Amino acid sequence: MFNEEKLKKIKEGKEKWEKETLPKFQNRPAKFVTVSSKPLKELYSPLDIKDLDYEKDLGFPGEYPYTRGVQGNMYRGRIWTMRQFSGFGTAKETNERYKYLLKHGQTGLSVAFDMPTIMGYDSDHPRSVGEVGRCGVAIDSLADMEILFDGIPLDQVTTSMTINGPASVLWCMYIATAEKQGISSDKIGGTIQNDILKEYIAQKSWIFPPEPSMRLITDIFSFACDHVPRWNTVSISGYHIREAGSTAVQELAFTLADGFAYVEAGIEAGLDVDDFAPRLSFFFNSHIDFFEEIAKYRAARRIWAKRMKEKYGAKDPRSLLLRFHTQTAGCSLTAQQPENNIIRTAYEALSAVLGGTQSLHTNSMDEVLALPTEKAVRIALRTQQIMAYETGVTNTIDPLAGSYFIEALTDEMEAEAEEYFRKIEELGGVLPAIDQGFFQREIADAAFQYQREIEENERIIVGVNEFTIDEPIDTEILKIDPDLERAQCERVQKVRETRDNDLAQRRLEELKKAAQGTDNLIPYMLDAVRAYATEGEIIGMLKEVFGEYKEQPIF
Amino acid sequence: MNKEHKIRVLVAKPGLDGHDRGAKVVARALRDSGMEVVYTGLHQTAEQVVEAAIQEDVDVVGLSILSGAHMTLFPRIRQLLKENNADDIVLIGGGIFPEDDMDELLQKGDAEALFTPGTPTEEIVKWIKDNVKKEGAGTT
Amino acid sequence: MDIVEGLLKGDRRALARAISLVENEDSRKRETLQQIYPHTGNAYIIGFTGSPGSGKSSLVDRIVGIMRGEGKKVGIIAVDPTSPFTGGAILGDRIRMQEHTEDKDVFIRSMGTRGSLGGLSRATRDVVQLMDAFGKDIIIIETVGVGQSEVDIVKNADTTIVVLTPAGGDSVQTIKAGIMEIADIFVINKADLPNADRTRTEVSVMLDLNEKSSWRPPIVQTVTLKNEGTDILWQEVQGHKGYLETEGLLSSLRLARAKRDIEDHIEHLIKSRVWDQVIGTNMFEKAIKQIHNKETDPFSAAQSILERISLDNKD
């Protein structure tokens, strides 16, 4: 891209600068590294990107290799979806919060479920005591799902559901709820996270062992292809890997490696890659190191497009698109001086947008302490709206392209990710690597290193180890009414009493038999859900067939 | 030759919460300070935690809870320790605890110390070393 | 609560406390061990060794399930390495035994090696005796799997099981020489991985070359994830036990252990009685200086010191 003569002159100029000008200035006693501890140079110049080929490496938005963006006109055509992750208490409270958010300009829904629902237990199970409705909404049966979306037409809004182990069950409940609203499954749109590989690696809300989990995922791919074509069947996630303590490159590499593993699973299950790949989507973290994140997203798009085309032979251009949702980094927020978190979130949101995200969740300032209050979540939403409508960052596509720094960093991250792909391949692939604790070890080491840096004051966290104040933390926080747990238990018991129990039991038996065979389980699950079998009953029965996963923890 | 009593700590993840980054970082820090750390793994019931505490004869039980279930889990585990004659085991916690919940737990004695986000691991190590008796076993 | 009394009555807290006394070299250690000693000798001891990642803990978890099904009371000692730099340890073996953590008749104790160079804690032998006196029918010892684990385990167990896996460069060629000699049973775990059959063949060939005693170690293939093969392993363990009993080998094993016990204790007593009279004394300091100044040599100095101390019991 650059003239050889010019480059030579620049090189000489830089060397002269380093010898004569730079030494006149004293550096601060700090380490100039990213939040991932990656060292950065003081200056980037054309020399750092002398081999950059515009057509090959960057291209144009909406065209291979998609480095500059997956849509042709990006935010000029459609502003990213403002999708705040939300849910608490019972379906009724969450339904009210959804209506509040939609009223204030949110453009898509995102469901947070409580721990019992995430782990496949009904609210009245002994293991659910004290946990019902605390980190998300409690959903035990189709009855709850109907209340959750009461008054919200499912053909006019898309919904993302953060659910993994029991994703199939909740998805069936959503489909059945739409049916009750008179909407057929080909009209509904949304996403289920359904990324079991990262559960084993980072988030740890697994239920079944890997093999049956992958079978459920490929059943979902296949069913969606025929019946729910607008649905994103997996949200291949890096967010949780990052939250568990990984570096940016690890987040990039491990997420994409998981993605490739799903592609291979789909192909192995006999599907054509173009049948399911267009509906794979991604979910990344946006951490506080501004430029590293932007480079990460651009590298991700390029890596995915290249591999899908060259290794997996995808022909449909939609299979090559890495579409992603972003959430600002929860682990970057502090309990001390919570108002500071508004600012952190704003910077993180900005890098996600400059990185070309399709959809965004901004954290609320009080989320280190509890689930967000209405006021806090409104500010988080406004953060996105101010960015979209006031800052002008939506006017031009991929504005940072061509920056010597950004392009060099994008290349560097791509190369480092490729190193990880090699390592993972050597170990035999993602599942054997998980089994050998490879990812978990990398993450644990990075997490420990980060903590050490903070404690030795090598890394400054405002309000925590520097610029601290002595005041007690005095913020209004959301409290979950403990009585909701009792009410929810009563509700699920009532569902079991008032449904046609013979029908429900029959459907559960049919599902069990199918699980022991090789049929696609989704139709059986839909039947069970329609008969008001509860989530706990369905998962409990599948546990009998599939077994439960046990972890090998790595420190 | 008399060896020094090593402080044994049970780091436990009770309840359904799967976030173990903090628990693991703390476990490592405790090990690096010379303690023996027994890690229970995820998804423990209160009964499993207490049984482990007894069998391993730990000096301290540290609960890592970020799911909001602390007001149920701490009292339950304290109760079970009492019932099993193990009330001398120090019970502490790390995680997300609203201010007034913390006050209540500390006042009632359901927890002896609670560490919230941003606490340096050094502080936790120091607290344990300052608050655990050196002789340990055999004084009942 | 009197610890010994509690232990003999089956109080789990008492057993746990007794183990701590022993591990910490508490002043009450000797008395405690003396009091429980007459109640030992009933438990059967099984050792598991194998490199980290071979799945020892999961295997133990599965086989304990079978033992419990037969009503056996089980004690488990799970050893993890103590850091030589910090003296601390993370003991994570319990995690793989979740099924049994609420079973009152399964007692699991995690121990750090605490400076011992073998794959076991120095206190292991004593802890086995405590669990034996407590009433355990079977005591399982799980080693760290590196270092001199094989040497230590064979001193402590009646049946020693070596766990291998087909993956991760566990090729029998690279396995330390000690393994072939000490294994009473070989397990090839994760046997659903490729190369399981080749590993099996390699072990077989090594056994052919090393044929010594009348017991040829069986090779059992297991897949703990699917709970396959553990029942066969249990049968082989019982087979080995039967063999030891019929050949009168069990009692000779235990005699050898008793011999080692008393040897160790005598050595320990000699050492401590001698050093108590030597360390920090003027005589010792003077001797060091004299050697340094070449006024005498180390051998003569040592002799001279020993002549001035006594081995009598000073307690």
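The model is predicted, so local features need pLDDT of at least 70 and side-chain atom pairs count only at pLDDT 80 or more, while totals for chains, interfaces and linings use all residues. Residues are numbered from 1 along each chain as written, chains are lettered from A and ligands numbered from 1 in written order, and side-chain values use heavy atoms, without hydrogens or water.

Let's start with strand E9 of chain A, residues 324-328. Helices (H or I, at least four residues) and strands (E, at least two) are DSSP runs, numbered from the N terminus. In E9(A), 5 of the 5 residues are buried, so the strand is largely enclosed by the rest of the structure. Buried means under 20% relative accessible area, with a 1.4 Å probe and protein chains only. In a regular strand the side chains alternate between the two faces of the sheet. Here A:Phe324, A:Thr326 and A:Thr328 sit on one side, with A:His325 and A:Gln327 on the other.

From E9(A), the chain crosses through helix H14(A), residues 340-354, to E10(A) in a right-handed β-α-β crossover. Right-handed means that, with the strands pointing away from the viewer, the path from the first strand over the helix to the second runs clockwise.

Over on chain C, C:Leu311 lies in the segment after helix H12 (298-307).

Definitions and conventions
Buried means under 20% relative accessible area, exposed over 50%, partly exposed in between (1.4 Å probe, protein chains only).
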